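How do helices pack against each other in a protein model?

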Amino acid sequence: MNRLMAVVIRLRWPIVALFIVVTAVFALQLPRAEMDTEMKNQLPRDLPTRLNLDRIEEIFGGTDMAMIVLSADSIVAPGVLTRLQKLSAGMESLEHCQRVVGPFTPKDLQGDSLGLTVEPAIPAIPETEAEQQALRERLARNPLVHGNLISTDFRHALALCFLSPDAQDAELIDALERIIEENPGEGEALVGGMPVTRVSLTRDMRKDMRRFLPAGLLVMLVFLMICFRQARGVLLPTVMTVMAIVVTMGLIPLLGWKIHTVTVLLPVILIAVANDYGIHIVARYQEDNAPGNRLTPRELAQRGGAELVSPILATGVTTMIGMLCLSSHLVVPAKQLGVLAAVGVCFAMLGSLLFIPAVLSVLPKAKPVVDVSGAQGETGLLGKSLAWVARVVPRHPKRILLAAAIVCLGAGVFTTRVTVDTNPMSFYQQEDPIWRSTHLLNEHLGGWAGLSVVAEGDVKDPKVLQELDGLEQHLKKHPSVGTTTSMAGVMRKMNQVMHEGDAAYDVIPETKELVAQYLLLYTMSGSEEDFSKLVDFDYRHAQVMAKVTDSGTQAATDVVAYTKSYVAERPEGSLRLVGGLLDVMAELVHHIVWGQIESLAWAAGLTLLVVALVLRSWAGGVLAVAPLLMALAMIFGVMGLTGVELNLVTALLSSIMIGVGVDYTIHFLWRYRDERAAGLDPAEAVGRTLATAGRGIIFNGVSVVIGFLVLAVSEFQPVRFFGLLVGLSIFASLVAALVVVPALVLVLRPRFLEPRKGEPSPPKEVPVLEETREAEVVS
C-alpha cells in the first residue's frame, strides 16, 4: 500500500487530469438523457404480463386512455351537457385520439319483433325540468352509460379517448387542458388517466432532480465545514461526489437506458454515500496533522492513503455489492439503479484513493485542527460523547447486547404488518388534481384501471357469448370490480329489446343465426365501429373489460387472481388470455416482494463473504453482518408499526442499508485490530478506536443521514418516506458499529482480532519517497 501511494504521489498531476477528463466526457452525454414513467416498462419485455398486454393492444388497438372528468350539481342540466358535448368534440379533433367515448357516444336500443332501432343515448339536450327527469330515467336504463360514463347520482360524467401508440403524453395533456380552457361553462373539469399520471411524474421528477442536487450539496457543504473546519475538508469530498454524479448520470444515455421514477434517488444516494471515502481520507489527514508534527504535505497524503487503502477498498466493495444486489430485482428501474449506484460508488472510491491524495499532496500544508487526534484528550462534544461510550461499553457489554436483542425482537413483531403497494396515486397528496380525478373515477365512474380477458373462437356462437357472459357475471361479484363491458352484454340487451323489454329475454340469443341477424339490424342504423373495443373485425376475438374501483395493488392482485382462477378452471373453454394494467400492477407486487427477499439475501451473503476474506475470518464476516440484520429488523418493524408501505422506492432500502451500513463496522474492526496489535488490552483498544476511528465513522454516518434527509423535500410521498427510513437505518447501523459491535468484541473475544503470541511490535513508520522530503512552503 505504501508503494501504491508513492506511485500516486509521483503521478499526482496525470491522475488529477485523468479524473477531470473522464468527468467531462460523461458530462457531454447528460443532454441526451430521457425520462420514462410508463408502468409496463418497469418490467422486462419478455414477461408474460408484458406479452399479454402487447397481444391485447395488437388485437383491439391501444388500451392507453386519457379522459376529462366533469363534475356538477346535475350532469343533465342544459349548460353542463352543452359543455360536455363541446369537450367531447374537442377531444375528437385531436390527432392521436383514435376513438372518443363519452355520454353522447353510446347507443340506446329500441325495438320489437319487427325490427331494431338504434338511437343516441342522449338524443337531445333537455330544456325543461321534465325533459331532464325523462333523460335521467332513459340513461338509468342504459348500462353502457349509467355508472360507467355518468355516475349513478348524475353529478359526474366522463369523456375518454383511446390513444394511438405514438401519442406524446405532454403534448396530449397540453391539448386537453387547452380544450378545457377554450370551453368554459358550468361544472369543474379535470384531466385524468395514465398519460396524466406519467406527465405528472415526469414533471415532478424534474423538480426533484433540480431540488436534490443543490439542496443536498448545500447541506453537505455546511456539514463538512462543521466537521472539518477547513476548506479542503469541505471541497475535496464534495468535488469527488459531484464528479461521481456526473459520471453515473452521463452513463444512462450511453447504455441506452432512461430515467425512471426511482432514478431520481441516484444523485441523493451518491451525495450521501460517495463522499464517505473522501471523508475518511481527510479525517486521517487531520489526525496525522496533529500539532507539532513535521510531516510534509506529500508525506501526510501518502501516510493517510496507505493506512486507509485496505479498509476503504473493503467498505467500497461491500457498498458496491449492496448496490449491485439490486440487480436481482426483476423490476427494471431497480436493476438499473443498482448498476448505476455501484458505478458511482466505484468511481468515488477510486477518486478518494487517487484523486484526493494527489490533490492533498500539491496543496500547502494545512494548520492542525484542535480536537482531532485521539491523543489530545476528551475535548469537544464529540470527543466527550465517544469517551463516555468507551467507558460504558466495557463495563456493561452483556447488558448492552441483551437490550439490543430485546429492542430488535420487539420491533420484529411488527414486520408482519408490512404491506406491499405499487399504487401510483400514493405518490400524490389528496389535494392534487391527478389524485382527485382518479378518486372520482373510482368512487363514481366505475374505476380507473382495467383488466381484459380475451376469448378466441367464433364470437357469434352463443356458446362463446355465454362464456363471456359467465365471466362478466363472475367479475361483478367481486367487491373491487366497478363496471364490466363485453359483447355478451350487448347481445343480451339486443335480445331483450327485440322482445319488447321482457326481462325473461335478458339472455344470450339461442342461435348463431339470431346473433348474426341482430348484428345486421344494428348496422342498419348504427355502426360496427361501436364494438371495435369489444370484438375484432373478423369476430374471432372478443374481450371482457373490467375496471377496478381501488387504486391499490392489493385490490389489483386480488382481482387478477380471482379472474385467472376462474379462467384456469375452464381449460377447454374459449377464454385464453388475461392481461391489462391491473395484471402489470399485480406482477410488480410479486417481483417487488421477491426482489426484496433476493436482494437482501444476496447483499447479506456476499457482504459476509467479502468481509470474511478481507479480515481473513468467517467470524469477522458474521460479526460485521449480524448487527446490520438486527438494524434491518428494526426498520421493517417501524414500517409495519407506522403503516409505511413496501413499494418500488422503499424496496431499495435493505440492499442500500447493508451496503452502506457495513462500512462502519469494518472501519471499527480494522482499527480495533491495529490497537490490539499495538499492545492495548480489549477495553483500552475499544476506547482508543472510538477516540480515533470513531470520529471518522460518525462523520461518515451523519453525512449519509443528512444526505438522505434531503429527500424530505421530494414531491413524492414514498420518496420522502424512503429518505426518513434510510436516515433511521443508518443511525441504527451507527449505534450497532459503535455500541453493539464493541460489546460483541468484548464478550466473544474473536480470535481474528487478538494479537499474535509474543510481544507486539510498535507501529512501523510509513516509508516516504526521497522526493517527498524536499523542502516545501507551509502556510
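Helix α1 crosses helix α11 in a right-handed way. (Right-handed means that the near helix is turned clockwise from the far one by less than a right angle; left-handed means anticlockwise.) The contact joins N2, L4, M5, A6 and I9 of α1 to R298, A301, Q302, G305, A306 and V309 of α11. Contact means heavy atoms within 4.5 Å. These residues divide into seven nonpolar, three polar and one charged. Here Ala, Val, Leu, Ile, Met, Phe, Trp, Tyr, Cys and Pro count as nonpolar, Asp, Glu, Lys and Arg as charged, and the others, Gly among them, as polar.

This is a predicted model: local features need pLDDT of at least 70, side-chain atom pairs count only at pLDDT 80 or more, and totals for chains, interfaces and linings use all residues. Residues are numbered from 1 along each chain as its sequence is written, and side-chain values use heavy atoms, without hydrogens and water.

**Helix pairs**

| Pair | Axes come within | Rough crossing angle |
|---|---|---|
| α1 (residues 2-10) and α11 | 8 Å | 140° |
| α10 (residues 276-288) and α11 (residues 297-324) | 9 Å | 150° |
| α2 (residues 12-27) and α12 (residues 332-362) | 9 Å | 135° |

Helices are DSSP runs (H or I, at least four residues), numbered from the N terminus. Axes are lines fitted to C-alpha atoms over the stretch in contact, and angles run from 0 to 180 degrees between N-to-C directions.

The angle makes α10 roughly antiparallel to α11. Angles over 145 degrees count as roughly antiparallel, under 35 as roughly parallel, 65 to 115 as roughly perpendicular and the rest as oblique. α1 and α11 are therefore oblique to each other. So are α2 and α12.

α2 passes α12 in a left-handed crossing. Among the α2 residues in this contact are W13, F19 and V22, and α12 brings residues including F347, L354 and F355. The contact divides into 12 nonpolar, three polar and one charged.

**The largest cavity**

How many cavities of 30 Å³ or more are there? The count comes to two. A cavity is a set of points on a 1 Å grid over the protein atoms alone, where a 1.4 Å probe fits but cannot get out; lining residues have an atom within 4 Å of a point. The largest cavity has a volume of about 230 Å³. Its lining has 16 residues, and H280, R284, L308, R671 and A693 are the closest to its centre. α10, α11, α22 (653-677) and α23 (682-709) each give two or more residues to this lining.

Methods. On a 1 Å grid over the protein atoms alone, a cavity is a set of points where a 1.4 Å probe fits but cannot get out, and a pocket is an open set with protein on both sides within 12 Å along at least five of seven lines; lining residues have an atom within 4 Å of a point. Grid points are joined across faces, edges and corners, and a volume is the space filled by probe spheres set on the points.
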